[in-house]
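Subject: Structure handover

Hello,

Here is the structure for your files.

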Amino acid sequence: MADTPKRRKLEKTADTVQAATTGQKYYCCRCGTAYSRRKGYFPVSHSPMYRKSGYLPWCNDCVEEMYDTYRSELGDKDAMRRMCMKFDLYWDDAIYDMVDKTVGVQSRIKSYIGKTNLTRYIDKTFDDTIAKEEAEAAKRPQYLDDEDMVEEPIVDIPEDVEIPEEIRLFWGSGYSPKMYEELEERRHYWLGKYPKDFVPDIGTETLIRQICGLEVDIAHDRAAGRSVEKNVKALNDLLGSANLKPVQQKDMMVDTDLENMPLGVGIQKWENARPLPTTPDELKDQSGIIRNVTTWFLGHACKMVGLKNSYCQMYEDAINKYRVEFPEYAEEDNDSFLTDIFGDAGQSEVSSNE
C-alpha cells in the first residue's frame, strides 16, 4: 500500500469557493432538486466532459432511478453497461465482478461509480472501453468472407440415406452424407484423445465442432488447389483457445510456478492433481524406516519427557531386547555363583584346594 500512488485530487473551482460564501445552489439536471453543495449529493466523475466541476450533473437519487429502470428492462449487467455509456464511465467486466462480490446493502451503481475512481481506472472513460473491445475483436479468428468463398454445387441428400438425428443436431443440416461422414471421423478422432469417461461441456463441444469443420474445409480447399492460409490461421487460433498447441502441451508438463512455490503447496497440488495410489499392506515399510523412526526417535522422546503411550511402550519393548539381567543367587550358594562365572574349571579348582 505504501507504493500505491495517491488519488489525484480535484482542483477547487471558483464557483465552489463562491458557493461556500454566497450560498449558491446546485441543481440536478433531471429532477431539478437544488443542493447546497455537490459533494455527497452528486457522483464524482473524472470524465473530460465534466472536468470543470468534477461531478456528474445528475443527483444520486436520479442515478439510482435511472439504473433501476434499465435493470428492469435489460438485466443487471447490461443496465450497468448502459449507465456507463450514458455517463461516460469506463466499463470493464473486472469492475463489475468486484461490485458483484463486494457489494452489500450499498447501491450497486453507486459502488460501481466509486470503483471507477480507483487509481488504475481514474483516467479512463467509455471511449477506452470502445477501444479495448475493438482491439479484442481484431485478435479474434477471422474466417473467410463471403467474397472469398468459392461457390460449390449444392448436393441433395439422397432419400435412401438417413442421417441420424443426433448427428444432424450436432453439425447442423444441409451437408451431404459424405460431409457428415468426414465430420464424424474428425469428431471421433478428437474425442479419442480424451479419457473414455470424459463428457465434453458446451464450450469444448463448440471448439471441437469448429476445429473439425476447419480441418475438413482445409482438406477440400487443398485438394482443389485453393488457398488455405486463412483457414489454417483460424485453425491455429482455435487450437490455442483449446490449449492443444504443441508448445502449450509442453508448457503444461513443466510447472513454471514450481520455483516460486513452497514445498508444502507443491506437494498438495500434486496430491490433488495426481495422487499416489494406496500402498498394499505387504509393501508398506519394507525397509523398516517408519518403524525405526517411530520406535527410536518418537518413542525415546516420549520416554524422556515421561509420557506413557503406545510409542513409549514400543520403545520399552525394543530396548528390553538389549538389556542385560544379572542372575540372582542366595547368599550361601557360592558354588552356583562360581560355576556361572568360571564354569566347571572354577568348581574343579575349589575342590582340589579343599
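This is a predicted model: local features need pLDDT of at least 70, side-chain atom pairs count only at pLDDT 80 or more; totals for chains, interfaces and linings use all residues.

The chain contains 16 helices and two strands. Of its 354 residues, 26% count as buried. Among contacts in the chain with a separation of 6 or more, 41% are between residues 24 or more positions apart.

Helix H8 covers residues 177–191, 15 residues in total. From its first C-alpha to its last it reaches 21 Å, close to the 21 Å expected at 1.5 Å a residue. The buried residues in H8 are Met-179, Tyr-180, Leu-183, Glu-184, Arg-187 and Trp-190. They lie on the same side of H8, because the arc they cover around the axis is only 130 degrees. What do these buried residues pack against? Their partners are helix H7 (165–171), helix H9 (202–223) and helix H10 (229–241). Lys-178 and His-188 are exposed, and they sit on the face of H8 turned away from its buried side.

On the cysteines: the structure has zero disulfides. For Cys-29, the nearest cysteine sulfur is that of Cys-28, 5.3 Å away; a disulfide would need the two sulfur atoms within 2.5 Å, so Cys-29 is in none. Cys-84 has a relative accessible area of 0% and is therefore buried, the cut-off being under 20%.

Regards

Definitions and conventions
Residues are numbered from 1 along each chain as its sequence is written. Side-chain values use heavy atoms; hydrogens and water are left out. Buried means under 20% relative accessible area, exposed over 50%, partly exposed in between (1.4 Å probe, protein chains only). Helices (H or I, at least four residues) and strands (E, at least two) are DSSP runs, numbered from the N terminus. The expected span of a helix is 1.5 Å times one less than its number of residues. The arc is that of the directions from the helix axis to the C-beta atoms. Contact means heavy atoms within 4.5 Å.
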